Amino acid sequence: MSYSGGPMTEAMYYILLALMNPNHGYQLMAAIEQVSNGRIKMGPGTLYGVLTRLQKDNLIEILSDDGRRKTYAIKEEGRAALKADYERLKDMIRDGRLLEEG
């Protein structure tokens, strides 16, 4: 199964963004908090559920698994999906300028 496109959840977006540098779970939770400027504090249940989905969608891969921790990395397909969603969000912001005019 591969990613079919469409809007990402906030969790998907921030996990992929944080995986621009490979990380394992605990480091990844801290990286998500950092890239979101402290706005997102993701718990392990959400994190590992979304990581499983991103693997099934072929957007991330496991670089290493020592039996205790897995190190995840974004794949090219993940980078492309992240960039597409980033562009979608920028379009939404641009469209929303109507709110500032009134």
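Student: Let's start with Tyr14: is Tyr14 buried or exposed?

Tutor: A quick note before that: this is a predicted model, in which local features need pLDDT of at least 70, side-chain atom pairs count only at pLDDT 80 or more, and totals for chains, interfaces and linings use all residues. Residues are numbered from 1 along each chain as its sequence is written, and side-chain values use heavy atoms, with hydrogens and water left out. Buried means under 20% relative accessible area, exposed means over 50%, and partly exposed is in between (1.4 Å probe, protein chains only). Tyr14 has a relative accessible area of 13%, so Tyr14 is buried.

Student: What kind of aromatic pair do Tyr13 and Tyr14 form?

Tutor: A search of the whole structure turns up 1 aromatic pair, and in that pair the ring centres of Tyr13 and Tyr14 are 5.4 Å apart, with 85° between the planes. Rings of Phe, Tyr and Trp (its six-membered ring) pair if their centres lie within 6.5 Å; planes under 30 degrees apart count as stacked, over 60 as edge-to-face and the rest as tilted. Tyr13 is buried as well, at 14% relative accessible area. The pair of Tyr13 and Tyr14 is edge-to-face.

Student: Stepping back, what pattern does the protein follow along the sequence?

Tutor: Helices (H or I, at least four residues) and strands (E, at least two) are DSSP runs, numbered from the N terminus. The protein has 5 helices and 3 strands. Reading along the sequence, you get α-β-α-α-β-β-α-α.

Student: How are α1 and α3 placed relative to each other?

Tutor: Axes are lines fitted to C-alpha atoms, for helices over the stretch in contact, and angles run from 0 to 180 degrees between N-to-C directions. Helix α1 (residues 10-18) packs with α3 at an angle of about 80°, and their axes are 10 Å apart. Angles under 35 degrees count as roughly parallel, over 145 as roughly antiparallel, 65 to 115 as roughly perpendicular and the rest as oblique. That's why α1 and α3 are roughly perpendicular.

Student: And how many nonpolar residues are in the contact of α1 with α3?

Tutor: Contact means heavy atoms within 4.5 Å, and here Ala11, Met12, Ile15 and Leu16 of α1 meet Thr46, Leu47, Val50, Leu51, Arg53 and Leu54 of α3. Ala, Val, Leu, Ile, Met, Phe, Trp, Tyr, Cys and Pro count as nonpolar, Asp, Glu, Lys and Arg as charged, and the others, Gly among them, as polar. Apart from 1 polar and 1 charged residue, the nonpolar count is 8.

Student: How do α2 and α3 sit?

Tutor: The axes of helix α2 (residues 25-35) and α3 come within 11 Å and cross at roughly 105°. With that angle, α2 and α3 are roughly perpendicular.

Student: Which residues of α3 make the contact with α2?

Tutor: From α2, the contact draws on Gly25, Tyr26, Leu28, Met29 and Ile32. The α3 residues are Pro44, Leu47, Tyr48 and Leu51.

Student: In what order do the strands line up in the sheet?

Tutor: Two strands pair if DSSP finds at least two bridges between them. The 3 strands form an open sheet with antiparallel pairing, and the edge strands, β1 (23-24) and β2 (60-65), each pair on one side only. The order is β1-β3-β2.

Student: Which residue takes a positive phi in the hairpin of β2 and β3?

Tutor: This hairpin has 4 residues between the strands. The residue with a positive phi near 90° is Gly67.

Student: Why does Thr71 count as buried?

Tutor: Thr71 is in strand β3 (residues 70-74). Not counting residues up to four places away in sequence, Thr71 touches Pro22, Asn23, His24, Glu61, Ile62, Leu63 and Ser64. Thr71 counts as buried because its relative accessible area is 18%.

Student: Which residues does Leu17 contact beyond four places in sequence?

Tutor: Leu17 is in helix α1 and is partly exposed, at 27% relative accessible area. Beyond its neighbours within four places, Leu17 is in contact with Val35 and Leu82.
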